[in-house]
2 protein chains.
Amino acid sequence: MESFEIIAEPSRRAILSLLVSSQLSVGEIERQLRMPQPAVSKHLRILRDAGFVEATVDAQRRLYRLKPGPLQEIDAWLQQFRRFWSAHIDALERHLDRMYQGRNRPAPKERTATKKVARAKPQDHQGEKK
Amino acid sequence: MESFEIIAEPSRRAILSLLVSSQLSVGEIERQLRMPQPAVSKHLRILRDAGFVEATVDAQRRLYRLKPGPLQEIDAWLQQFRRFWSAHIDALERHLDRMYQGRNRPAPKERTATKKVARAKPQDHQGEKK
DNA sequence: CACGCATATTCTGATTGAGGTATATACAAG
DNA sequence: CTTGTATATACCTCAATCAGAATATGCGTG
């Protein structure tokens, strides 16, 4: 199963969101999401096969935690649209900045729009030649 | 249909990627993706209903272009994991620091001192439910 | 009006994936 | 060894969805 299909499932997104804070056992997920245990296990199986999570064994328990890979790929696909958005909504553009260099920057307070962000390609109104 | 399911479809992602550069007619999408016309129209219908794209009428043609909303929501969901990634990398570095203590290892590129690292913010629950 | 082009819709069959229930495996403790 | 707990898997059924073919609609032009 492919990464985008994996996160199309609300329960799986819920599990991933839970695991963002800390690693959890199956039982803890089961309780927090109020979802039958076989369902949790099945979703975890899928998530593990796709590399979203990994598990370590602790006696009878399995402790699941996030793995960054697949979600980063999804994020990479979204990257191409961020430029497009900034042309429409510039409130979101700072959040873009912070991704890889956030820790070096003092908190930006400036509210001005239209900075270094390039506009999307000029689009033809009619641009058909055929 | 819900946003995450929409982009689970490879053809729809391809269409969205095409539209990032400029608006296109159905026929242009059909040719660029080498996909039968009814398929294109059906996917566009779904994308339009979900607010990913919008269309304007130009004689017999329809010109489709991106709308930012739904993709932004997806991006917003991913936001919570970006914090995790940086924390994860930091934790890995700290771990390696301990493992390789006193050994010679290639000097890593500038790393902030352990104490200075911005910690992930305390989790505020943004409700994602089934 | 009739034709042709661009796009949309409908129908069908096949596949896939989710939920539920029951059961299997693994381990810890008495 | 027996029991209880934690997790995984198997099996079944149902609903959703995709691809493909055929057909319908809308519009400009001769």
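Two residues are taken to be in contact if their C-beta atoms, placed from the backbone, lie within 7 Å. The structure described here is a predicted model, in which local features need pLDDT of at least 70, side-chain atom pairs count only at pLDDT 80 or more, and totals for chains, interfaces and linings use all residues. Residues are numbered from 1 along each chain as its sequence is written, while chains are lettered from A and ligands numbered from 1 in the order in which they are written.

Chain A contains six helices and three strands, where helices (H or I, at least four residues) and strands (E, at least two) are DSSP runs numbered from the N terminus. Along the sequence these elements follow the order α-α-β-α-α-β-β-α-α. Of the 130 residues of chain A, 18% are buried; a residue is buried if 20 or more other C-beta atoms, placed from the backbone, lie within 10 Å of its own, exposed if 12 or fewer, and partly exposed in between. Among the contacts of chain A that link residues at least 6 apart in sequence, 51% join residues at least 24 apart.

An α-helix has 3.6 residues a turn, so residues three or four places apart point the same way.

The packing of H2 on H4 can be followed in each chain. In chain A, the axes of H2(A) and H4(A) come within 10 Å and cross at roughly 80°, axes being lines fitted to C-alpha atoms, for helices over the stretch in contact, with angles running from 0 to 180 degrees between N-to-C directions. That makes H2(A) roughly perpendicular to H4(A); angles under 35 degrees count as roughly parallel, over 145 as roughly antiparallel, 65 to 115 as roughly perpendicular and the rest as oblique. From H2(A), A:Ser11, A:Arg12 and A:Ile15 meet A:Ala39, A:His43, A:Leu44 and A:Leu47 of H4(A). This contact of H2(A) with H4(A) has four nonpolar, two polar and one charged residues, with Ala, Val, Leu, Ile, Met, Phe, Trp, Tyr, Cys and Pro counted as nonpolar, Asp, Glu, Lys and Arg as charged, and the others, Gly among them, as polar.

In chain B, the axes of H2(B) and H4(B) come within 10 Å and cross at roughly 80°. That makes H2(B) roughly perpendicular to H4(B). Here B:Ser11, B:Arg12 and B:Ile15 meet B:Ala39, B:His43, B:Leu44, B:Ile46 and B:Leu47, giving five nonpolar, two polar and one charged residues.

Two or more residues each come from helix H4 (37-49) of chain A and from helix H3 (26-33), helix H4 (37-49) and strand E3 (61-66) of chain B. H4(B) provides the largest share of this surface, six residues. By class, the surface near DNA strand C holds nine nonpolar, seven polar and six charged residues.

DNA strand D is surrounded by 22 residues, the closest being A:Ser25, A:Val26, A:Gly27, A:Pro38 and A:Arg61. Helix H3 (26-33), H4 and strand E3 (61-66) of chain A, together with H4 of chain B, each supply at least two residues, and H4(A) gives the most, with six. The surface near DNA strand D divides into nine nonpolar, seven polar and six charged residues.

A:Lys67, in the loop between E3 and helix H5 (69-88) of chain A, is partly exposed with 17 C-beta neighbours inside 10 Å. Leaving aside residues up to four places away in sequence, A:Lys67 touches A:Gly51, A:Phe52, A:Val53 and A:Glu54. A:Arg34 lies in the loop between H3 and H4 of chain A and has a positive phi near 50°, in a residue other than glycine.

Definitions and conventions
Near = placed C-beta within 6 Å.
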